[in-house]
Amino acid sequence: MEKVEKKLREEAKRLLADKKVDVIVGYEAGTLPLTATPVFITTPEEADKLVWNAFCQHNLAKYVHDLISAHKDSQKRLKPDDRKRKVVGVVTKGCTSRSLVIHLQERQYERLDISILGVPCTGYVDRKALAAKLGGEDILEGSLDGANLKIKTAGGEKTIPVKDVLAENCVTCRFNNPVISDLMLGEPAPAMNPAAEYADVDAFEKLTPEERWAYFTKEMAKCIRCAACRQACPSCYCRVCFAEQSMPQWVGISEDPSDTQVFQFMRMYHMVGRCVDCGSCISVCPMGVDLRKFLKKLDKDCFVLFNQRAGEKIDFPAPLQDQRMDDKEEFIYNPGGGGH
(Lines give C-alpha, C1' and ligand atoms only; values in the text may rest on other atoms or scores of the structure.)
Protein backbone atom coordinates (compact mmCIF):
# COMPACT_ATOMS: atom_id res chain seq x y z
CA MET A 1 0.00 0.00 0.00
CA GLU A 2 2.96 2.33 0.53
CA LYS A 3 3.64 2.32 -3.23
CA VAL A 4 0.01 3.14 -3.99
CA GLU A 5 0.06 5.95 -1.42
CA LYS A 6 3.26 7.42 -2.89
CA LYS A 7 1.85 7.28 -6.41
CA LEU A 8 -1.42 8.79 -5.19
CA ARG A 9 0.34 11.80 -3.73
CA GLU A 10 2.38 12.31 -6.90
CA GLU A 11 -0.68 12.19 -9.12
CA ALA A 12 -2.65 14.47 -6.81
CA LYS A 13 0.13 17.06 -6.95
CA ARG A 14 0.28 16.83 -10.73
CA LEU A 15 -3.47 17.17 -11.21
CA LEU A 16 -3.66 20.20 -8.91
CA ALA A 17 -0.52 21.87 -10.29
CA ASP A 18 -1.78 21.41 -13.88
CA LYS A 19 -5.22 22.66 -12.79
CA LYS A 20 -6.86 19.50 -14.11
CA VAL A 21 -8.95 19.36 -10.93
CA ASP A 22 -10.14 21.96 -8.43
CA VAL A 23 -10.13 19.69 -5.42
CA ILE A 24 -9.20 16.11 -4.59
CA VAL A 25 -11.31 14.17 -2.14
CA GLY A 26 -9.24 11.54 -0.38
CA TYR A 27 -8.23 10.29 3.04
CA GLU A 28 -5.84 11.60 5.66
CA ALA A 29 -4.70 10.08 8.94
CA GLY A 30 -7.33 10.45 11.65
CA THR A 31 -6.74 12.09 15.01
CA LEU A 32 -7.27 8.75 16.78
CA PRO A 33 -4.94 5.76 16.35
CA LEU A 34 -5.75 3.41 13.46
CA THR A 35 -8.22 5.74 11.77
CA ALA A 36 -8.45 7.70 8.54
CA THR A 37 -10.84 10.51 7.73
CA PRO A 38 -11.98 12.24 4.52
CA VAL A 39 -9.91 15.23 3.43
CA PHE A 40 -10.29 17.88 0.74
CA ILE A 41 -7.02 18.80 -0.95
CA THR A 42 -6.91 22.03 -2.99
CA THR A 43 -3.18 22.77 -3.37
CA PRO A 44 -0.23 20.59 -4.45
CA GLU A 45 1.48 21.29 -1.12
CA GLU A 46 -1.36 19.60 0.75
CA ALA A 47 -1.17 16.38 -1.27
CA ASP A 48 1.29 14.78 1.16
CA LYS A 49 -1.59 14.52 3.62
CA LEU A 50 -3.16 11.79 1.50
CA VAL A 51 -3.05 8.23 2.81
CA TRP A 52 -4.26 4.89 1.53
CA ASN A 53 -4.51 2.02 3.98
CA ALA A 54 -6.87 -0.43 5.68
CA PHE A 55 -8.49 2.37 7.70
CA CYS A 56 -9.88 4.20 4.65
CA GLN A 57 -13.47 3.26 5.23
CA HIS A 58 -15.68 6.08 3.93
CA ASN A 59 -17.40 5.95 0.56
CA LEU A 60 -16.13 9.26 -0.81
CA ALA A 61 -18.77 9.40 -3.56
CA LYS A 62 -20.99 11.01 -0.93
CA TYR A 63 -18.70 14.06 -0.80
CA VAL A 64 -18.31 14.22 -4.58
CA HIS A 65 -22.05 14.60 -4.96
CA ASP A 66 -22.24 17.22 -2.20
CA LEU A 67 -19.37 19.29 -3.64
CA ILE A 68 -20.69 19.32 -7.20
CA SER A 69 -24.28 20.00 -6.13
CA ALA A 70 -23.21 22.95 -3.97
CA HIS A 71 -21.09 24.31 -6.81
CA LYS A 72 -23.95 24.03 -9.29
CA ASP A 73 -26.21 25.90 -6.88
CA SER A 74 -23.66 28.69 -6.54
CA GLN A 75 -23.37 28.99 -10.32
CA LYS A 76 -27.08 29.63 -10.73
CA ARG A 77 -26.52 33.18 -9.49
CA LEU A 78 -24.08 33.92 -12.32
CA LYS A 79 -24.65 34.79 -15.94
CA PRO A 80 -24.38 31.71 -18.20
CA ASP A 81 -21.11 32.98 -19.76
CA ASP A 82 -19.54 33.41 -16.33
CA ARG A 83 -20.32 29.92 -15.07
CA LYS A 84 -17.43 27.51 -14.59
CA ARG A 85 -17.15 23.77 -14.22
CA LYS A 86 -15.77 22.42 -10.95
CA VAL A 87 -13.78 19.25 -11.46
CA VAL A 88 -13.52 16.97 -8.44
CA GLY A 89 -10.79 14.38 -8.21
CA VAL A 90 -11.65 11.45 -5.99
CA VAL A 91 -9.70 8.55 -4.52
CA THR A 92 -11.79 5.62 -5.60
CA LYS A 93 -12.02 2.02 -4.44
CA GLY A 94 -14.44 -0.53 -5.86
CA CYS A 95 -17.58 0.39 -3.91
CA THR A 96 -16.92 4.11 -4.35
CA SER A 97 -16.65 3.67 -8.11
CA ARG A 98 -20.02 1.90 -8.22
CA SER A 99 -21.61 4.82 -6.36
CA LEU A 100 -20.06 7.22 -8.88
CA VAL A 101 -21.56 5.12 -11.68
CA ILE A 102 -24.98 5.35 -10.04
CA HIS A 103 -24.65 9.14 -9.79
CA LEU A 104 -23.72 9.29 -13.48
CA GLN A 105 -26.58 6.99 -14.45
CA GLU A 106 -28.94 9.23 -12.50
CA ARG A 107 -27.44 12.32 -14.18
CA GLN A 108 -26.39 13.99 -10.97
CA TYR A 109 -23.31 15.30 -12.75
CA GLU A 110 -21.33 14.66 -15.92
CA ARG A 111 -18.34 12.41 -16.41
CA LEU A 112 -16.26 15.53 -17.15
CA ASP A 113 -17.01 16.78 -13.63
CA ILE A 114 -14.94 14.07 -11.97
CA SER A 115 -11.43 12.65 -12.22
CA ILE A 116 -11.19 9.15 -10.80
CA LEU A 117 -7.98 8.02 -9.07
CA GLY A 118 -8.49 4.29 -8.74
CA VAL A 119 -6.94 2.31 -5.91
CA PRO A 120 -6.98 -1.46 -5.28
CA CYS A 121 -8.75 -2.42 -2.06
CA THR A 122 -8.32 -5.44 0.18
CA GLY A 123 -10.94 -4.36 2.71
CA TYR A 124 -11.12 -1.93 5.60
CA VAL A 125 -10.99 -2.44 9.35
CA ASP A 126 -14.37 -2.46 11.08
CA ARG A 127 -14.03 -0.32 14.22
CA LYS A 128 -16.81 -2.20 15.97
CA ALA A 129 -15.18 -5.55 15.26
CA LEU A 130 -11.85 -4.18 16.47
CA ALA A 131 -13.42 -2.85 19.66
CA ALA A 132 -14.96 -6.27 20.30
CA LYS A 133 -11.55 -7.94 19.85
CA LEU A 134 -10.09 -5.56 22.40
CA GLY A 135 -12.90 -6.10 24.85
CA GLY A 136 -13.78 -2.42 24.72
CA GLU A 137 -10.32 -1.24 25.82
CA ASP A 138 -9.23 2.15 24.46
CA ILE A 139 -6.44 2.12 21.88
CA LEU A 140 -3.53 4.19 23.20
CA GLU A 141 -1.20 3.55 20.27
CA GLY A 142 -1.48 1.54 17.10
CA SER A 143 0.18 0.86 13.79
CA LEU A 144 -0.23 -1.30 10.72
CA ASP A 145 2.57 -3.85 10.40
CA GLY A 146 2.05 -5.73 7.16
CA ALA A 147 -1.02 -7.92 7.60
CA ASN A 148 -1.25 -7.23 11.35
CA LEU A 149 -2.29 -4.45 13.68
CA LYS A 150 0.11 -3.64 16.51
CA ILE A 151 -1.94 -2.16 19.32
CA LYS A 152 -1.15 -0.80 22.77
CA THR A 153 -3.94 -0.55 25.33
CA ALA A 154 -3.99 -0.05 29.09
CA GLY A 155 -3.99 -3.83 29.34
CA GLY A 156 -0.80 -4.28 27.31
CA GLU A 157 0.33 -4.80 23.72
CA LYS A 158 -1.57 -6.95 21.28
CA THR A 159 -1.21 -8.15 17.70
CA ILE A 160 -4.39 -8.65 15.71
CA PRO A 161 -4.49 -9.90 12.09
CA VAL A 162 -6.26 -7.38 9.86
CA LYS A 163 -8.26 -10.18 8.24
CA ASP A 164 -9.88 -10.91 11.62
CA VAL A 165 -11.38 -7.42 11.92
CA LEU A 166 -12.36 -6.64 8.33
CA ALA A 167 -15.83 -5.22 7.77
CA GLU A 168 -18.46 -7.83 7.02
CA ASN A 169 -19.14 -6.38 3.58
CA CYS A 170 -15.44 -6.51 2.70
CA VAL A 171 -15.01 -10.20 3.54
CA THR A 172 -17.15 -11.32 0.60
CA CYS A 173 -16.48 -8.37 -1.74
CA ARG A 174 -16.12 -9.09 -5.47
CA PHE A 175 -15.40 -5.47 -6.48
CA ASN A 176 -11.93 -4.95 -5.06
CA ASN A 177 -10.99 -2.64 -7.92
CA PRO A 178 -12.82 0.36 -9.42
CA VAL A 179 -15.24 -0.45 -12.24
CA ILE A 180 -14.27 2.87 -13.84
CA SER A 181 -11.20 5.07 -13.39
CA ASP A 182 -9.10 7.66 -15.18
CA LEU A 183 -5.92 6.39 -13.61
CA MET A 184 -5.36 3.12 -11.75
CA LEU A 185 -2.76 3.31 -9.00
CA GLY A 186 -1.19 -0.04 -8.19
CA GLU A 187 -1.82 -3.60 -9.28
CA PRO A 188 -5.42 -4.90 -9.17
CA ALA A 189 -6.42 -6.62 -5.94
CA PRO A 190 -7.97 -10.10 -6.06
CA ALA A 191 -11.60 -10.61 -5.11
CA MET A 192 -12.20 -11.67 -1.51
CA ASN A 193 -14.77 -14.47 -1.15
CA PRO A 194 -17.68 -13.58 -3.44
CA ALA A 195 -18.97 -17.17 -3.40
CA ALA A 196 -20.22 -16.50 0.14
CA GLU A 197 -21.74 -13.11 -0.71
CA TYR A 198 -25.34 -14.21 -0.15
CA ALA A 199 -24.79 -16.85 2.53
CA ASP A 200 -26.65 -14.84 5.19
CA VAL A 201 -29.47 -14.05 2.79
CA ASP A 202 -29.78 -17.71 1.79
CA ALA A 203 -30.16 -18.67 5.45
CA PHE A 204 -32.64 -15.85 6.02
CA GLU A 205 -34.77 -16.97 3.07
CA LYS A 206 -35.13 -20.41 4.61
CA LEU A 207 -36.96 -18.97 7.62
CA THR A 208 -40.74 -18.95 7.69
CA PRO A 209 -42.51 -15.64 6.91
CA GLU A 210 -43.34 -15.33 10.61
CA GLU A 211 -39.70 -15.82 11.58
CA ARG A 212 -38.50 -13.29 9.00
CA TRP A 213 -41.07 -10.73 10.21
CA ALA A 214 -40.06 -11.34 13.80
CA TYR A 215 -36.43 -10.65 12.88
CA PHE A 216 -37.37 -7.48 11.02
CA THR A 217 -39.47 -6.12 13.88
CA LYS A 218 -36.71 -7.00 16.37
CA GLU A 219 -34.11 -5.08 14.38
CA MET A 220 -36.39 -2.13 13.70
CA ALA A 221 -37.19 -1.89 17.41
CA LYS A 222 -33.55 -0.87 17.90
CA CYS A 223 -33.77 2.02 15.42
CA ILE A 224 -34.00 5.49 16.97
CA ARG A 225 -34.47 7.18 13.57
CA CYS A 226 -31.40 9.34 13.96
CA ALA A 227 -31.03 9.12 10.14
CA ALA A 228 -27.30 8.48 10.35
CA CYS A 229 -27.73 5.64 7.83
CA ARG A 230 -29.33 8.04 5.37
CA GLN A 231 -26.76 10.78 5.91
CA ALA A 232 -23.83 8.42 5.29
CA CYS A 233 -25.31 6.78 2.21
CA PRO A 234 -23.98 8.03 -1.15
CA SER A 235 -27.23 6.97 -2.81
CA CYS A 236 -29.34 9.12 -0.45
CA TYR A 237 -29.03 12.58 -1.92
CA CYS A 238 -32.61 13.92 -2.19
CA ARG A 239 -32.76 17.59 -1.21
CA VAL A 240 -35.88 16.85 0.84
CA CYS A 241 -36.17 13.31 2.13
CA PHE A 242 -39.59 11.66 2.03
CA ALA A 243 -39.25 11.16 5.80
CA GLU A 244 -39.30 14.92 6.32
CA GLN A 245 -42.11 15.82 3.95
CA SER A 246 -45.31 17.14 5.50
CA MET A 247 -47.46 17.36 2.33
CA PRO A 248 -48.03 14.49 2.08
CA GLN A 249 -46.64 13.14 5.30
CA TRP A 250 -45.27 9.70 4.50
CA VAL A 251 -43.88 8.96 7.94
CA GLY A 252 -45.19 10.08 11.31
CA ILE A 253 -42.84 11.71 13.80
CA SER A 254 -44.11 9.72 16.75
CA GLU A 255 -42.31 6.88 18.52
CA ASP A 256 -44.83 4.41 17.16
CA PRO A 257 -42.90 1.33 15.94
CA SER A 258 -44.88 1.31 12.71
CA ASP A 259 -43.46 4.74 11.76
CA THR A 260 -39.94 3.44 12.18
CA GLN A 261 -40.76 0.36 10.14
CA VAL A 262 -42.27 2.46 7.35
CA PHE A 263 -39.21 4.74 7.32
CA GLN A 264 -36.84 1.82 6.92
CA PHE A 265 -39.12 -0.01 4.48
CA MET A 266 -39.33 2.99 2.17
CA ARG A 267 -35.65 3.78 2.45
CA MET A 268 -34.71 0.20 1.60
CA TYR A 269 -36.92 0.19 -1.47
CA HIS A 270 -35.22 3.41 -2.57
CA MET A 271 -32.07 1.33 -2.51
CA VAL A 272 -33.30 -1.29 -4.98
CA GLY A 273 -30.52 -1.67 -7.54
CA ARG A 274 -28.65 1.25 -5.91
CA CYS A 275 -26.95 -0.20 -2.81
CA VAL A 276 -23.26 -0.94 -3.44
CA ASP A 277 -22.72 -2.67 -0.09
CA CYS A 278 -20.07 -0.16 1.01
CA GLY A 279 -21.07 -0.61 4.65
CA SER A 280 -21.51 3.12 5.32
CA CYS A 281 -24.97 2.76 6.88
CA ILE A 282 -24.12 -0.04 9.27
CA SER A 283 -20.81 1.51 10.31
CA VAL A 284 -22.50 4.71 11.51
CA CYS A 285 -25.59 3.11 13.08
CA PRO A 286 -25.29 3.74 16.84
CA MET A 287 -27.80 1.00 17.64
CA GLY A 288 -26.31 -1.82 15.58
CA VAL A 289 -29.40 -2.37 13.40
CA ASP A 290 -28.77 -5.19 10.93
CA LEU A 291 -29.66 -3.19 7.83
CA ARG A 292 -27.27 -5.13 5.64
CA LYS A 293 -29.25 -8.37 5.68
CA PHE A 294 -32.30 -6.65 4.19
CA LEU A 295 -30.31 -4.64 1.68
CA LYS A 296 -28.42 -7.76 0.55
CA LYS A 297 -31.75 -9.52 0.08
CA LEU A 298 -32.79 -6.77 -2.34
CA ASP A 299 -29.38 -6.96 -3.98
CA LYS A 300 -29.73 -10.70 -4.50
CA ASP A 301 -33.23 -10.31 -5.93
CA CYS A 302 -31.97 -7.74 -8.43
CA PHE A 303 -29.23 -10.08 -9.55
CA VAL A 304 -31.44 -13.18 -9.76
CA LEU A 305 -34.33 -11.42 -11.51
CA PHE A 306 -32.50 -8.87 -13.64
CA ASN A 307 -28.86 -10.01 -13.72
CA GLN A 308 -28.00 -6.57 -12.33
CA ARG A 309 -25.46 -5.54 -9.72
CA ALA A 310 -25.69 -1.93 -8.55
CA GLY A 311 -23.27 0.37 -10.35
CA GLU A 312 -21.37 -2.42 -12.05
CA LYS A 313 -21.89 -1.15 -15.59
CA ILE A 314 -22.58 2.44 -16.57
CA ASP A 315 -24.79 1.39 -19.51
CA PHE A 316 -26.89 -0.98 -17.36
CA PRO A 317 -29.24 1.19 -15.23
CA ALA A 318 -31.00 0.02 -12.10
CA PRO A 319 -34.23 -1.97 -12.63
CA LEU A 320 -36.43 0.86 -11.33
CA GLN A 321 -34.78 3.29 -13.76
CA ASP A 322 -35.33 1.17 -16.83
CA GLN A 323 -38.35 -0.01 -18.75
CA ARG A 324 -38.36 -2.18 -21.86
CA MET A 325 -41.12 -3.08 -24.26
CA ASP A 326 -40.59 -6.78 -23.54
CA ASP A 327 -40.68 -6.39 -19.73
CA LYS A 328 -42.84 -9.05 -18.14
CA GLU A 329 -45.86 -7.72 -16.27
CA GLU A 330 -46.98 -10.70 -14.23
CA PHE A 331 -46.02 -8.86 -11.06
CA ILE A 332 -48.91 -6.44 -11.67
CA TYR A 333 -51.58 -9.08 -11.92
CA ASN A 334 -49.97 -11.86 -9.94
CA PRO A 335 -47.69 -10.34 -7.27
CA GLY A 336 -45.56 -12.98 -5.65
CA GLY A 337 -46.27 -15.35 -8.51
CA GLY A 338 -42.66 -15.49 -9.66
CA GLY A 339 -42.85 -13.04 -12.59
CA HIS A 340 -40.98 -9.75 -12.82
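Tutor: The structure holds 28 salt bridges. This is a predicted model, in which local features need pLDDT of at least 70 and side-chain atom pairs count only at pLDDT 80 or more, while totals for chains, interfaces and linings use all residues. Residues are numbered from 1 along each chain as its sequence is written, and side-chain values use heavy atoms, with hydrogens and water left out.

Student: Why is the contact of Lys158 and Glu137 called a salt bridge?
Tutor: The term requires a side-chain nitrogen of Lys or Arg within 4 Å of a carboxyl oxygen of Asp or Glu. For Lys158 and Glu137 the N to O distance is 3.0 Å, so the pair qualifies.

Student: Why is Lys158 called partly exposed?
Tutor: Buried means under 20% relative accessible area, exposed over 50%, and partly exposed in between (1.4 Å probe, protein chains only). Lys158 has 28% relative accessibility, so the residue counts as partly exposed. Glu137, with 28%, is partly exposed too.

Student: Are Asp299 and Lys296 buried or exposed?
Tutor: Asp299 is at 11% relative accessibility, so this residue counts as buried. Lys296 is at 4%, so Lys296 is buried as well.
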